[in-house]
Amino acid sequence: MADSDPRVARVRSAFEATLTPNSAAGAWTPPLPEALASLFPGYEIETLLGRGGMGAVYRARQKSLDRLVAIKLLPFDLGVQEDFAERFRREATALAQLSHPHVVPVYDFGQADDGHFFMVMEYVAGSDLAVRLQRGPMPPAETIAVVRQVCDALEFAHAHGVIHRDIKPSNILLDTDGRVKVADFGIAQLAGTELRTTLTSAGMLLGTPEYVAPEQLRPDAVVDQRADIFSVGVMLYEMLTGQLPRGVFRPLAELVPAARGLDRVITRALQSEPALRYPAVRDLRAALDEARLRPWSNRWRVAVPVLAVVMAAAAWQWRPGTPPVPAAAPFSNSLGQRFLPAGTPGVLLCTTEVRVRDFAAFVNARQLPVFPSPTWVNFLGTEEGWKKVSASWKSPGFPQTDDHPVVGITRDEATAFCEWLTEHERASGRIGGNDFYRLPTNTEWSVAAGLAADTPFPSGRYPWGASYPPRAGAGNYASAEIREAGGSHARLLVLDGYRDGYAFTAPVGSFPADARGLHDLGGNVWEWTDDRSGPKGTLRGGGWSDTQSDKLDSARRISHDTDLRCYTFGFRVVLVQKFAATPGKP
């Protein structure tokens, strides 16, 4: 990549923005890339990305693995000082413990022959949050999306005894796929160790003054994970307002009315006493989610008394012992999704998978950015054939229309869709205040597929019957049309002689409904369920590229990380109704 490349220029400007007066004056001149060739024979040093108070960063190519990396070089005059050298070793050791999607990983570290300490890290193509903020404040939805990923990284780091201590926008990298990566644990310390001062022997502050917690300025204070929470609070306020919360800062609601629900979150995160802040990052993230799901505005202040009167009237009309009126079905919501009973009392299942048009309505309403994302595809149809490509739910790598099932969606995004749909439908009066949308559970999915809740796998039951392979047109599975479409997908395995009329996904409802009126409980896309175990979620139903009988068995469940995107993963939703739908509404 040439120095004129705009991505290099953005990264360079971000580093230059962090220069201290001494480093800007040229106290240390980073070696030219060609001067490092003999020190790093296993790498091709391509360009200097930038320099800051803690060293310089170069982009290089690791010859043995043919991959781009970033090499961080500590200034020579600092490396010979034991306190700086120890901190550099601590950074590398701390990062080496952290393997997380939102943490920049360390591949190698050590000391070069000329005495420079170095660290080899993942090269993150893109920019950083500091560069993004140069364009002005960020919308609340985009802000929360970024901060949640930062919280995920910090929660993982804190669980491994690592505190960042220098959270700031220039250390929050935004890669070209839209994923957040937390970088530069340069002053990280292992939690639970002895007291350490925040100032070096030379009087240099460890951290950036605008973002560090007050206790980091006190020489004898214990610094724990709540220092990172303070820094996140500063950054959160800046992202929303474009200003730093200095002194007695203006309430967020005065500057960004749309984000008034975040006022109390920021206020608590910025408490000067650590004991008054959120005790852990997960509590901060939960508060962000609550604020996102329950926005508060003046119209709600007016609506609440009215709602109380309505609820009181409903309570007067209802008598104890009177069973709730069964939910009306079929039911159609504001997106045009149709719901039917599927065997579980009080739960209506959407007859089709969520469409591209449905998910687009959610993205537009939440003002979410549509970044390309790392998506897993399999061009060989084998265990070894999987690889990551840059794709998104809008451009999954094959043709889609608004009526096709949305793919490349994580379980968390599917859950967020359900939460938004619940808010939207309640506000419009389509559903009651106790009704809500969510993903189906494994049990609900099994019952809908005509299985007993505890049916073991393999069951020998398929969506089309008890024999394998499927008859022609039984559903959207790996058919001959995939090969005929050409391109990379032509190498996928297909069912011999099977044709269904579609090379990839099919518009929802393209195949006949089952006895319950439900479409595509087998084939088209794998569907996320509400069940999860730790970081793993469960999917059901098989997809358009599957050929194996075990994957097409109706009782088959697959488990994957909830943040995994795949071009065969989608979802459908259920509506849990506690009371009857409003008369006159469909």
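In the predicted model, residue K536 has D561 as its bridge partner in strand β19. This bridge belongs to the pairing of strand β18 with strand β19 (residues 557-561), which runs in the antiparallel sense over 5 bridges. Strand β18 also pairs with strand β17 (residues 526-533), again in the antiparallel sense, and here the pairing extends over 4 bridges.

Another set of strands forms an open sheet of 3 strands, arranged in the order β6-β8-β9 and paired in the antiparallel sense. The edges of this sheet are formed by β6 (126-128) and β9 (180-182), each of which pairs on one side only. On average, and with direction ignored, neighbouring strands of the sheet are turned by 30° against each other. Strand β8 (residues 172-175) is joined to β9 by 3 bridges in the antiparallel sense, and the bridge partner of L174 in β9 is V180. Helix α6 (residues 140-159) packs on this sheet, where it touches both β8 and β9, and the direction of the helix makes about 40° with that of β9.

A contact between helices is found where α12 (residues 356-366) packs with α13 (residues 411-428). Two packed helices are described by the angle between their axes and the distance between the axes. For α12 and α13, the angle is about 75° and the axes lie 10 Å apart. Because angles from 65 to 115 degrees count as roughly perpendicular, α12 and α13 are described as roughly perpendicular to each other. On the side of α12, the contact is made by D358, F359, A361, F362, A365 and R366, while α13 contributes E413, A416, F417, E419, W420 and E423. When the residues of this contact are sorted by class, 7 are nonpolar and 5 are charged, whereas no polar residue takes part.

Several individual residues were also examined for their surroundings. E238 has its place in helix α7 (residues 225-241), and its relative accessibility of 13% lies under the 20% limit, so that E238 counts as buried. When residues up to four places away in sequence are not counted, E238 touches L133, P169, Y211, Q243 and L244. A452, by contrast, is found in a loop, namely the one between α14 (442-448) and α15 (480-485). With a relative accessibility of 44%, A452 counts as partly exposed, because this class covers values between the 20% limit for buried residues and the 50% limit for exposed ones. Although A452 and A555 are 103 residues apart in sequence, their C-alpha atoms are 9.6 Å apart in space.

A search of the whole structure finds 0 disulfides.

Technical notes
Residues are numbered from 1 along each chain as its sequence is written. This is a predicted model: local features need pLDDT of at least 70, side-chain atom pairs count only at pLDDT 80 or more; totals for chains, interfaces and linings use all residues. Side-chain values use heavy atoms; hydrogens and water are left out. Axes are lines fitted to C-alpha atoms, for helices over the stretch in contact, and angles run from 0 to 180 degrees between N-to-C directions. Helices (H or I, at least four residues) and strands (E, at least two) are DSSP runs, numbered from the N terminus. Angles under 35 degrees count as roughly parallel, over 145 as roughly antiparallel, 65 to 115 as roughly perpendicular and the rest as oblique. Contact means heavy atoms within 4.5 Å. Ala, Val, Leu, Ile, Met, Phe, Trp, Tyr, Cys and Pro count as nonpolar, Asp, Glu, Lys and Arg as charged, and the others, Gly among them, as polar. A disulfide is a pair of cysteine sulfur atoms within 2.5 Å. Two strands pair if DSSP finds at least two bridges between them. Buried means under 20% relative accessible area, exposed over 50%, partly exposed in between (1.4 Å probe, protein chains only).
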